[in-house]
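This briefing looks at charged side chains and their surroundings, and then at the chain as a whole. Please keep the structure open while reading.

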Amino acid sequence: MSVRLSEGAIAAIMQGENISKPVLQVINTRAIATGNGPPRYRVLMSDGVNTLSSFMLATQLNSLVEEERLAAHCICQVNRFIVNSLKDGRRVVILMDLDVLKTADMVGGNIGNPVPYNEGQGQQRSSAPAANPAPSKPQQQNGNLSVAGSAAPKYHAPSKQFGKASGPSSVKTPGGSQSKVVPIASLNPYQSKWTICARVTQKGQIRTWSNSRGEGKLFSIELVDESGEIRATAFNDQADKFFPLIELNKVYYFTKGNLKTANKQYTAVKNDYEITFTNETSVVPCDDARHLPSVQFEFVSISDLENTPKDSIVDVIGICKSYEDVTKITVKSNNREVSKRNVHLMDTSGKLVTATLWGVEAEKFDGSRQPVIAIKGARVSDFGGRSLSVLSSSTVVINPDSPEAFKLRGWFDSEGQLLECASISDVRGGPATGGNTNWKTLFEAKSENLGQGDKADYFSCVGTVVHLRKENCMYQACPSQDCNKKVIDQQNGLYRCEKCDREFPDFKYRMMLLVTIADCLEYQWVTCFQESAEFILGQSAAFLGELKEKNEQAFEEVFQNANFNTYEFRIRVKLETYNDESRIKATALDVKPVNYREYSKRLITSIRKNAQLG
Ligand SMILES: [Zn+2]
């Protein structure tokens, strides 16, 4: 692979021109002392014509230097950067996102004879046009999408004009004073006077705490501008003051506040710092900020969640395949009742995951039309396989107006809904529909040796009744409630139940019917107890008992009529041993009419699978 540097790109960047994804070579990197905070790296880069030392690596990319992937001589493509003007007029280029195209080892030396770029001279422009002209469409970055908050979903492509976003080094805020607007990515604890212009992408509820040192309240918000995101928290008086002022998805100028190291345990926001509001903080609405991105998502495929560590914070998008009713549970720690609802999300990976919504979100949720749900900042739990919990800091957007959501909807409507999806969650109660039914043909159940292990196996199948054994299909059972023990006829008009240790003047009929079911390839003996047997025969056990005693021929007919009907069976299989002989015992747990709509979907899916194999 041959890589060309974007000659002239440095001059173009410094003159505020629109340039997309320049390819540059690293000449060297240098750590800058920052006190207690994470280190910041300054990077000297070359475009083959000029070098420039005022590149700063955004702290989220520090690992590139620390793992020596970004080192002298390597060539990288800068996917996103911000030009930031300092007080003295100098400019700093903050590298927000980049890919190393060629490692230092692969390159081995400096390319060309670049000379230092002199700011203010505009040199080299005419002789060296940028090698990578800006694309005509806004670029879509690696799977990121921007969706506005649930109030008014709107898709915003990342801004084309980097210069415009960061260009105005000072704005007149409605307060009247000229104050410097800086990118969120440049905030650090060593600056006290700053203003950011940012969109509120998440707003939590006011929470209270009490401990030995007293009690108080707080609420947190998440802020995004084109350079990055940051969390901010207001306590007590500030919480009272700002909570009613700040609205989700609106843009504000935020001025002054304390920056401290972020506690990553509680937040998925990609910033090493977070803001605490002080009594000097001001928040002023900004009306002209359409260029600012809204909620940023980095979606993880549902199938990848299986390999995602417990407690990771992830963004997920999926079709709500099914959902459960809202339930109330009492939280032990504060003895308060909260609403909870499980929804089952599916994406193009064909995997299903259970996500738990809480509170108002759980109560208001309507999944009846299988909406697309995007969740930012859900926590991965290992409760029952892998599941997701929506936290108070998470953002849930229903049917976001975004390319990812449209793609998913199109896929689901055409083929996704036909998929028999496997759930990676095994939450009690399970999916209401679809989910873990484990559909098999009888041939598959046998060839996969279901039931041969130590534990019983369960599967569902569609089978046709081909034989019913009417001999001994009924027995005389103890008439007391919940006791189905076979009684002994004392031949004196009384029936004895050993279990209850009582004699009764009557008994009830119970059924234990052996049925042979068949599908296209295999057959299987299945034991059907009371309800299943009554369903297959279409008569109650009591009536059948009467018939057997009084009308042998009518009894016979009931069995004949029950043949060759097709049902859905839920079957338990287990190896059982009688008289040194082991055989698989199959028991019907449930017998239902065939849902032909679902059955057809499964058949279409397996036809497609087989067509692909062929
Ligand atoms: Zn009994």
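In this predicted model, Arg 341 is buried yet takes part in no salt bridge, and the nearest side chain of opposite charge, that of Asp 325, is 5.0 Å away.

**Surroundings of Arg 341**
- Arg 341 is found in strand S21, which covers residues 336–346.
- A polar atom of the Arg 341 side chain lies 2.8 Å from the backbone oxygen of Ala 362, and the backbone oxygen of Phe 365 lies 3.5 Å from a polar atom of that side chain.
- Leaving aside residues up to four places away in sequence, Arg 341 touches a set of residues that includes Tyr 323, Glu 324, Asp 325, Val 326, Leu 357 and Glu 363.

**Salt bridges elsewhere**
- A search of the whole structure finds 21 salt bridges.
- Glu 556 and Lys 470 meet through their side chains in a salt bridge with an N to O distance of 3.3 Å. Glu 556 lies in helix H11 (residues 552–561) and Lys 470 in the loop between strands S26 (457–469) and S27 (474–477), so this pair ties together parts that are 86 residues apart in sequence.
- Arg 69 and Glu 67 form a salt bridge at 2.7 Å, N to O, and Arg 69 counts as partly exposed at 43% relative accessibility.
- Arg 496 is bridged to Glu 498, with the closest N and O atoms 3.3 Å apart, and Glu 498 is partly exposed at 46% relative accessibility.
- Arg 231, Lys 260 and Glu 274 are linked in a network of salt bridges.

- Lys 21, which is not a glycine, has a positive phi of about 45 degrees; its place is in the loop between helix H1 (9–14) and strand S1 (23–32), and at 23% relative accessibility Lys 21 counts as partly exposed.
- Glu 68 likewise has a positive phi, near 60 degrees; Glu 68 lies in the loop between helix H2 (62–66) and strand S4 (75–85) and counts as exposed at 64% relative accessibility.

**The chain as a whole**
- The protein chain has 12 helices and 34 strands, and 45% of its 614 residues count as buried.
- Among contacts between residues at least 6 apart in sequence, 63% join residues at least 24 apart.
- The chain exposes about 32000 Å², of which carbon and sulfur atoms supply 47%.

Technical notes:
Residues numbered from 1 in each chain as written. Predicted model: local features only at pLDDT ≥ 70, side-chain atom pairs only at ≥ 80, totals over all residues. Heavy atoms only, no water. Helix = DSSP H or I, 4+ residues; strand = E, 2+ residues; numbered from the N terminus. Buried < 20%, exposed > 50% of the residue type's maximum accessible area, 1.4 Å probe, protein only. Lys, Arg positive; Asp, Glu negative; His and termini not counted. Salt bridge = Lys/Arg side-chain N within 4 Å of Asp/Glu carboxyl O. Polar contact = N/O pair within 3.5 Å; in protein donor to acceptor, adjacent residues only side chain to side chain. Contact = heavy atoms within 4.5 Å. Areas by Shrake-Rupley, 256 points an atom, 1.4 Å probe, with all protein chains shown as cover.
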